[in-house]
Amino acid sequence: MISDQTGSRRHKKADFWTAIWAGFIGGNIASFVKWGSEIPLPPRTPDRVSPPAQMLRDCGLPIDKIVYFYAQHVVNLGVLLVHHAFSIIFAMAYCLGCLRFPRLSLWQGAAFGLVVTVGFHGIVLPLGHWAPPFWQLPFSEIFSESLGHILWAWVIEVFRRYAFMSRRMDYAEPVNREGQVIRHLFREHPLHS
C-alpha cells in the first residue's frame with residue numbers, strides 16, 4: 001500500500017514534469033502565435049530595430065550573418081532563437097508557477113500576458129536601452145504587444161489545461177463510493193492481461 005505522503009510526492013513529481021512538458025510544447029506553439037500576431041499589427045515603426053536584434057548586437061554577435069533562407073526570404077536565425085527561447089522559458093515558468101499560484105492563470109492566462117508586456121516593454125527593455133520607455137511608445141506598439149502577449153499566454157494556458165486534464169483522466173486512480181482507491185482494477189480485464 002502506498003502511503004499518502006509517497007503518493008503526494010509522486011503526484012507532485014508528475015505535476016512538475018507535466019508542467020515542464022506543457023510549457024515546452026505550449027511555448028513552442030505560442031511563439032509562432034506571437035510572431036503571427038505581428039504580421040497584421042506590426043509593433044514597431046520601420047525605423048526601429050527589434051529588441052532581440054538589438055540585444056544580440058549589444059552582445060557583439062553579427063546578427064546580419066546569423067541568417068538562413070526560406071522561400072527566397074532572409075530569416076534572422078539569431079532573432080528567431082531569442083524570440084523562441086523567451087517563449088519556451090516563460091511558458092515553462094508560467095506552467096510551473098500555476099502549480100503553486102493557481103491565480104496566475106487569471107483570465108485563462110491573459111493577465112500573465114499583460115504582466116509580461118508591462119514587465120518587458122515597460123521595464124526590462126528600457127533598462128537595457130533596447131526600447132524607449134513605456135510612456136514614449138506609440139499606442140500602436142503597446143496595443144500590438146499587449147494583444148500578442150495575451151494570445152501568446154492564452155495558447156500556453158490551453159496547452160497547460162489540456163496536459164493536466166489528460167493526465168488526470170488517463171492516470172487518475174479509480175475510487176469506490178467510500179473514496180477508497182481501487183487497486184489493480186485493470187489487471188483483471190481481458191484486454192490488459
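**Figure 1. Helices H2 and H3 cross at roughly 110 degrees.** The axes of helix H2 (residues 51-58) and helix H3 (residues 77-100) come within 9 Å. This is a predicted model: local features need pLDDT of at least 70, side-chain atom pairs count only at pLDDT 80 or more, and totals for chains, interfaces and linings use all residues. Residues are numbered from 1 along each chain as its sequence is written, and side-chain values use heavy atoms, with hydrogens and water left out. Helices (H or I, at least four residues) and strands (E, at least two) are DSSP runs, numbered from the N terminus. Axes are lines fitted to C-alpha atoms, for helices over the stretch in contact, and angles run from 0 to 180 degrees between N-to-C directions. H2 and H3 are therefore roughly perpendicular to each other (angles under 35 degrees count as roughly parallel, over 145 as roughly antiparallel, 65 to 115 as roughly perpendicular and the rest as oblique). From H2, Pro 52, Ala 53 and Leu 56 meet Gly 78, Val 79 and Val 82 of H3.

**Figure 2. The buried residues of H2 pack against H3 and H4.** They are Pro 51, Pro 52, Ala 53 and Leu 56. Buried means under 20% relative accessible area, exposed over 50%, and partly exposed in between (1.4 Å probe, protein chains only). After H2 comes Gly 60, with a positive phi near 85 degrees.

**Figure 3. H3 and H4 pack at an angle of about 130 degrees.** Their axes are 12 Å apart. H3 and H4 are therefore oblique to each other. Their crossing is right-handed (a crossing is left-handed if the near helix is turned anticlockwise from the far one by less than a right angle, and right-handed if clockwise). H3 brings Phe 86, Phe 90 and Tyr 94 to the contact. H4 brings Phe 112, Val 116 and Phe 120. Contact means heavy atoms within 4.5 Å.

**Figure 4. Six aromatic residues form one cluster: Phe 86, Phe 90, Tyr 94, Phe 112, Phe 120 and Trp 152.** The whole structure holds 9 aromatic pairs. Rings of Phe, Tyr and Trp (its six-membered ring) pair if their centres lie within 6.5 Å; planes under 30 degrees apart count as stacked, over 60 as edge-to-face and the rest as tilted. Elsewhere, Phe 16 and Trp 17 make an edge-to-face pair, 5.0 Å centre to centre with 85 degrees between the planes. Phe 16 is partly exposed at 35% relative accessibility, and Trp 17 is partly exposed at 45%. Why does the pair of Phe 112 and Trp 152 count as stacked? The ring centres of Phe 112 and Trp 152 are 6.0 Å apart and their planes lie at 20 degrees, so the pair is stacked. Phe 112 lies in helix H4 (residues 110-127) and Trp 152 in helix H5, so the pair ties together parts that are 40 residues apart in sequence. Phe 112 is buried at 12% relative accessible area, and Trp 152 is buried at 1%.

**Figure 5. Ala 19 sits in helix H1 (residues 4-37).** Is Ala 19 buried or exposed? At 0% relative accessibility, Ala 19 counts as buried. Leaving aside neighbours within four places in sequence, Ala 19 is in contact with Cys 95, Leu 96, Leu 99 and Phe 164. The C-alpha atoms of Ala 19 and Phe 164 are separated by 8.0 Å, although the two residues lie 145 residues apart along the chain.

**Figure 6. Ser 146 belongs to helix H5 (residues 139-171).** Ser 146 is buried, with a relative accessible area of 15%. Not counting residues up to four places away in sequence, Ser 146 touches Leu 114 and Thr 117.

**Figure 7. Gln 72 and His 129 lie in loops.** Most residues other than glycine have a negative phi. Gln 72 is not a glycine, yet has a positive phi of about 65 degrees. The loop that holds Gln 72 is between strand S1 (67-70) and strand S2 (73-76). Gln 72 counts as exposed, at 81% relative accessibility. His 129 also is not a glycine and has a positive phi, of about 60 degrees. His 129 lies in the loop between H4 and H5. At 70% relative accessibility, His 129 counts as exposed.
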